[in-house]
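Open the model in a viewer and keep the selection panel at hand.

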Amino acid sequence: MLGRLLNPSETRGGFQQLWGSGALFARQTASGTSVTQDSSLKMSAVYAAVRLISDTVSTLPVDQFIRVDGSRVPFRPREPWITTPSTELPRTTFWQQVMVSLLLDGNAFVHVRREGDGQVIDLAVLNPKKVRPVRRGDGQIEYRTEYGNAVLGQDEVLHLTELLLPGDLRGVSRIEQASESLGLGIALEEYAARFFGNGAYAGGIIEWPGEINQEQAKTLVDSWEAGHKGLRRSHRPAVLYGGAKFNQATVDPTQSQLIEERRFAIEEVARIFRIPQFMLGVATPGSVSYSSVEQQQLFFAQHTIQPYVQKLEDAFSSLLLNDRSFLKFNLNSL
């Protein structure tokens, strides 16, 4: 909504486009890969973790309540924005955008549009890379945006953070803080793709008896790659002539511990996002039973989902006109 008001030519994209500008903040890791919020989603474990948490929270029922004699009862009539927070997006998509912003950037900036009586009529999740909170001389916080260089006041922006360091205005991004671990995971995926793309078993040294010039060597290598490079050509029989001998120099994925390293990378992602490993497809032998899975699901609900839900409830309850009422997600639906 804000983009449409301030920049009519701007179009709204999907949640992956939300951080397209993240490429401007690429950080080179020790593994040689650049990790951004956008590129991290290309790692299957990160994508699965973000989808798992954001989908779970966005599909929880939410309602407005008030306490009467110590008991929580539904508040009626509830404010319209609770069932329709955005005029442009479905309810689940709106909450999904809030969660994706928190999970990747550590911040969620929601533009709040009100009527003259203060009633909220529309909420829009802003691209976190296009918003910069600044504390003014009078102590108030304003939000400088790249949406037509608009400056928004505290009453126009709802700012949620995941982890806020003392004295800071912006939350910490887990993607930036864990860039080395994620960079290793991205490097392992690329290495595995190249490993099998080159045939996995076809790397080595061609030993030629006697002298050979550079052009002949290039012709020999090109001929070998034409017949053996690539997954579909791996394991094809080879015929060497002129006394040439092939010495294999590569190892299979098990010997190189490639599979174990990739599993460890997924475990790292599960640790970063505080998700039970089995929810990302990692099953430790002997640990997946009915009782263990049940306990891990309880862990996911209590230690992963509940903290986010509490943040959302505290932040969005401040938008309600009746200050005695509050927003509540129904975790029992899990």
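**Helix H3.** Select residues 44-58, helix H3, in this predicted model. Now show the side chains of H3. Which of its residues are buried? The buried ones are Ala 45, Val 46, Ala 49, Val 50, Ile 53, Ser 54, Thr 56, Val 57 and Ser 58.

**The whole chain.** Zoom out and colour by secondary structure: the protein has 9 helices and 13 strands. Of its 334 residues, 42% count as buried. Switch to a surface view, where the accessible area comes to about 18300 Å². Carbon and sulfur atoms make up 51% of that area. Among contacts with a separation of 6 or more, 67% are between residues 24 or more positions apart.

**Aromatic pairs.** How many aromatic pairs does the structure hold? There are 7 aromatic pairs. One of them joins Trp 81 and Phe 316, with ring centres 6.3 Å apart and 35° between the planes, a tilted arrangement. The two residues are 235 residues apart in the chain, and their pair links distant parts of it. Trp 81 sits in the loop between strand E4 (71-74) and helix H4 (91-105), while Phe 316 belongs to helix H9 (residues 290-317).

Next, select Phe 94 and Trp 95. Their ring centres are 5.2 Å apart and their planes meet at 75°; because an angle over 60 degrees counts as edge-to-face, the pair gets that label. Phe 94 and Trp 95 are both buried.

Ring pairs link Trp 81, Phe 94, Trp 95, Phe 316 and Phe 329 into a cluster.

**Charges over rings.** Two further selections show a charged side chain with an aromatic ring. Start with Arg 72 and Phe 65: Arg 72 lies over the face of the Phe 65 ring, 5.1 Å from the ring centre. Then move to Lys 130 and Tyr 147. Here the charged end of Lys 130 is placed over the Tyr 147 ring, at 5.7 Å from its centre.

Conventions. Residues are numbered from 1 along each chain as its sequence is written. This is a predicted model: local features need pLDDT of at least 70, side-chain atom pairs count only at pLDDT 80 or more; totals for chains, interfaces and linings use all residues. Side-chain values use heavy atoms; hydrogens and water are left out. Rings of Phe, Tyr and Trp (its six-membered ring) pair if their centres lie within 6.5 Å; planes under 30 degrees apart count as stacked, over 60 as edge-to-face and the rest as tilted. Helices (H or I, at least four residues) and strands (E, at least two) are DSSP runs, numbered from the N terminus. Buried means under 20% relative accessible area, exposed over 50%, partly exposed in between (1.4 Å probe, protein chains only). A charge sits over a ring if NZ of Lys or CZ of Arg is within 6 Å of the ring centre and within 35 degrees of the ring normal. The expected span of a helix is 1.5 Å times one less than its number of residues. Contact means heavy atoms within 4.5 Å. Accessible areas come from the Shrake-Rupley method with a 1.4 Å probe; for residues, only the protein chains shown count as cover.
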